[in-house]
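The following exercises concern the links that side chains form within one protein chain. Please study the sequence and the structure before reading each solution.

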Amino acid sequence: MDALRAVIVALSLLGVAIIYSDIIEDETEFPNQESDSTPSTDINVEAVLSGQLLTGESGSFESPNYPTADHQLDYVWLIKVGPTKTVRLVLIDFDTETGFDYIIVHDGDSTEHPMLLVHSGNSVPPPIRSTSHKMLVRFITNNKGTSRGFHANFFAVPPCFNAVQSSSGVIASPSFPFSYDSNMRCEWLITVGHSERILLEFFDVNTEKDYDVIQIYDGDSDRAPFLQRISGDHRNEVLFQVSTSNVVLVSLTTDESISETGFAAKFTAGNHADLMQYFVEEYPDFLKDSELNRKTEEEQDGRQEIKTTISDAMIFYEGGVKSSNITSSDYADAVSLMQY
């Protein structure tokens, strides 16, 4: 009888241990379930349970009990893709109690990393992407009214850096001519022959003015001499820039709000004379309409007229941010050269 009682007591203790273990797992799965909506920064997401850890080339997830969001949630998902990739997050549906229930996205594997998105309400924010192979998504609700919550997809995508070594080609913002991602920085490093320069022609530029910005540097990093800053709607213009070296860095930086269509740009390599000649042949109407060209029409010698016109044109667009209104035929010809 004493032996039987000992077995029963042992089994009872084992049962208590199992129940206690389940409670600990539940507390780990929902860290910091507080009524206060202020995010904390002490979550050890490396210890998150299966179901919160999302891996693979792509996948989907949703808020608990979607399409109904529970009260007093503080739930995290850690997305981890391959070490050579970054994470692209696309929210498909989003509906929360405005100002009380919200989603927070961090650019890394903990809440100590920079925030890419803080969003509440019933509007769907633009897609966002991380700068590394990890992204933390956190969903917080209070103890009052609830809405649907959210549904999201994630994708493993290459880092937004492109090294181009060619005498000519086209670069374009991600997803062009559709909207680019928010909270993104993309770079294009263009390298041509040692003795050559690079002519850039930006077509169909459309970014959120003053917030989503294209920047051009005369070298291989953003510490090189600065050449030009482009932002806003320039869809009826072509914007020009020529380098003084054989390397150019083009960057596009976007914020967390409005996303536009971005840009496409053609680049051409050549020495100074080659680029001047190319410019004249590609944009004859621009030269005809420019005050600088009208000055050279007074020259009597044909060769001298062409030489002066080309030189003035190069000075015109080397000097800084320069643009021209071009004809529809010029634009069609330019666009036809692009291979997206």
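**Exercises on side-chain links**

A network of salt bridges connects Arg88, Arg129 and Asp181. The model examined here is a predicted one.

**Exercise 1.** Determine which parts of the chain the salt bridge between Asp181 and Arg129 ties together, and decide whether the two residues are buried or exposed.

*Solution.* 
Step 1. The side chains of Asp181 and Arg129 form a salt bridge with an N to O distance of 3.3 Å. A salt bridge requires such a nitrogen and oxygen to lie within 4 Å.
Step 2. Asp181 is located in the loop between strand E11 (168–172) and E12, while Arg129 belongs to strand E7 (residues 128–129), so the pair ties together parts that are 52 residues apart in sequence.
Step 3. Asp181 and Arg129 are both buried.

**Exercise 2.** Locate the partners of the salt bridge between Arg148 and Asp93, and classify Arg148 and Asp93 by accessibility.

*Solution.* 
Step 1. The closest N and O atoms of Arg148 and Asp93 are 2.8 Å apart.
Step 2. This pair links distant parts of the chain, 55 residues apart: Arg148 is in the loop between strand E8 (134–140) and E9, and Asp93 is in strand E4 (residues 86–95).
Step 3. Buried means under 20% relative accessible area. Asp93 has a value of 15% and is therefore buried. Arg148, with a relative accessible area of 35%, is partly exposed.

**Exercise 3.** Carry out the analysis for the salt bridge between Asp222 and Arg185.

*Solution.* 
Step 1. The side chains of Asp222 and Arg185 meet at 3.7 Å, N to O.
Step 2. Asp222 has a relative accessible area of 40% and is partly exposed. Arg185 also counts as partly exposed, at 36% relative accessibility.

**Exercise 4.** How many disulfides does the structure hold, and which parts of the chain does the pair Cys160 and Cys186 tie together?

*Solution.* 
Step 1. There is 1 disulfide in the structure. It joins Cys160 to Cys186, with an S to S distance of 1.6 Å.
Step 2. Cys160 is in the loop between strand E9 (149–157) and strand E10 (161–165), and Cys186 is in strand E12 (residues 185–191), so parts that are 26 residues apart in sequence are tied together.
Step 3. The torsion about the S-S bond of Cys160 and Cys186 is about 95 degrees, so the disulfide is right-handed.
Step 4. Cys160 and Cys186 are both buried.

Definitions and conventions
Residues numbered from 1 in each chain as written. Predicted model: local features only at pLDDT ≥ 70, side-chain atom pairs only at ≥ 80, totals over all residues. Heavy atoms only, no water. Disulfide = S-S within 2.5 Å. Helix = DSSP H or I, 4+ residues; strand = E, 2+ residues; numbered from the N terminus. Buried < 20%, exposed > 50% of the residue type's maximum accessible area, 1.4 Å probe, protein only.
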